[in-house]
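Please keep the sequence and the structure in view while reading.

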Amino acid sequence: GCQPGSAGESPPPHHRKKVPPKERGDFLASLVVKSGEKFGKGGGGSLPPYHRRICMIQDMLVLVKQGKQEEATELLRHLRQDLGMESTSLDDVLYRYASFRNLVDPITHDLIISLARYIHCPKPEGDSLGAMEKLCRQLTYHLSPHSQWRRQGIMKRKPQSCLKAVLMGKPQDNTVDLSGIPLTLKDLDRVTSYLQHSSEHIDTVELCFTELTDDMLLQLLPALCVLPHLTTLSLNGNRLTKAILRDLTETLKDPKKFPSVTWIDLGNNVDIFSLPQPFLVSLKRRCPKQGNLPTILEFGEGQVSDLESQDG
């Protein structure tokens, strides 16, 4: 991706100490382990994935400031893999993924591309480090709980008493907002009961950063998919894996389930990077008047027909 300078010109030198490959590998291994220890990787996974990702972004910025470009590039590779971008090739991230139409989180993808370019092809002119810091702030913000309850830091969580307050009376603005409240299996029974009793007054359900796992979502799915006016379901920042996509896709194939849904946010989970085409086509069928979906760049009508026939 880097263009060489014109003849006779040489790029400005990068003043950084060369690290032998073996030492560099040991250093990166310890750094990833350190990130995991700080934010709950391993050890039963006590904290959800976004904590670890924020730590990796912070460590990557430190490496760039220290002039350790190769180490920063390697840590970015680990971050991409942690986000579910399975390829380890930087060229794939910079070029091939740019044409994807089924990204679950285009914002994270764009920020990762920009970070890769700044690390891999540093610009000598201007405030390159300042731009890098801004990108890291944006990515940290996007991968963190960023509502009002986050003001005291990413470890700040809503008290459990907030759950009781939300599950009383009619949903405010037709929204059930449980974001930031860590849910337990016991809590799901109360949430299910509330959804069933308030079904006619719900068009948005916010379950972001609530510690949801695949099994927990499966427990909620029967109550969610029959809400007649539900248009938006936010599930980002949890512990969901690619396995849940099979169940969601099968559910969406039935037009009687999720009859009004136009948007399901699955970003920033364990390893969900792209969405199955049948999943997106099913959403498209539910909102034919809408020009495009937040999860899919617009296709021409012929392309949609081709995709549907392939899926069929």
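## Basis and overall make-up

The model is predicted, so local features are described where pLDDT is at least 70, side-chain atom pairs count only at pLDDT 80 or more, and totals for chains, interfaces and linings use all residues. Residues are numbered from 1 along each chain as its sequence is written, and side-chain values use heavy atoms, with hydrogens and water left out.

The secondary structure of the protein comes to 12 helices and 4 strands. These elements are DSSP runs numbered from the N terminus, with at least four residues (H or I) for a helix and at least two (E) for a strand. The protein has 312 residues, of which 46% count as buried. Buried means under 20% relative accessible area, exposed means over 50%, and partly exposed lies in between, using a 1.4 Å probe and protein chains only. Among the contacts in the protein with a separation of 6 or more, 74% are between residues 24 or more positions apart; contact means heavy atoms within 4.5 Å.

## The sheet

The 4 strands form an open sheet with parallel pairing, in the order E1-E2-E3-E4. Strand E1 (175-177) and strand E4 (263-265) stand at the edges with a single partner strand each, so one side of each has no neighbour in the sheet. From one strand to the next, the twist averages 5 degrees. Two strands pair if DSSP finds at least two bridges between them. Strand E2 (residues 204-206) and strand E3 (residues 232-234) run parallel and are joined by 3 bridges. Thr 204 has Thr 232 in E3 as its bridge partner. Strands of a sheet pair through backbone hydrogen bonds, either parallel or antiparallel.

## Helix packing

Two helix pairs are set out in the table. Axes are lines fitted to C-alpha atoms, for helices over the stretch in contact, and angles run from 0 to 180 degrees between N-to-C directions.

| Helices | Axis distance | Angle |
|---|---|---|
| H3 (residues 69-82) and H5 (residues 106-120) | within 9 Å | roughly 160 degrees |
| H2 and H6 (residues 128-142) | 10 Å | about 175 degrees |

The angle makes H3 roughly antiparallel to H5. Angles under 35 degrees count as roughly parallel, over 145 as roughly antiparallel, 65 to 115 as roughly perpendicular and the rest as oblique. The crossing of H3 and H5 is left-handed, a term used if the near helix is turned anticlockwise from the far one by less than a right angle, whereas clockwise is right-handed. Residues making the contact include Gln 69, Ala 72 and Leu 79 of H3, together with Ile 112, Leu 115 and His 120 of H5.

Leu 76 is found in helix H3 and is buried, with a relative accessible area of 1%. Neighbours within four places in sequence aside, Leu 76 is in contact with Met 60, Ile 112, Leu 115, Ala 116 and Ile 119. In helix H5, Ser 114 counts as partly exposed at 24% relative accessibility.

H2 is likewise roughly antiparallel to H6. The contact involves Ile 54, Ile 57, Leu 61, Val 64 and Lys 65 of H2, and its H6 side includes Leu 129, Met 132 and Cys 136.

Helix H11 (residues 277-286) is mostly covered, with 8 of its 10 residues buried. Among them are Phe 279, Leu 280, Lys 284 and Arg 286.

The model has 1 aromatic pair. Rings of Phe, Tyr and Trp (its six-membered ring) pair if their centres lie within 6.5 Å; planes under 30 degrees apart count as stacked, over 60 as edge-to-face and the rest as tilted. Tyr 50 and Phe 209 form an edge-to-face pair, 4.9 Å centre to centre with 85 degrees between the planes. Tyr 50 lies in helix H2 (residues 49-65) and Phe 209 in the loop between E2 and helix H9 (214-224), so the pair ties together parts 159 residues apart in sequence. Both Tyr 50 and Phe 209 are buried.

Glu 211 lies in the loop between E2 and H9. Phi of Glu 211 is near 75 degrees, a positive value in a residue other than glycine, and Glu 211 counts as buried at 15% relative accessibility. Phe 258, in the loop between helix H10 (243-252) and E4, also has a positive phi, near 50 degrees. At 0% relative accessibility, Phe 258 counts as buried.
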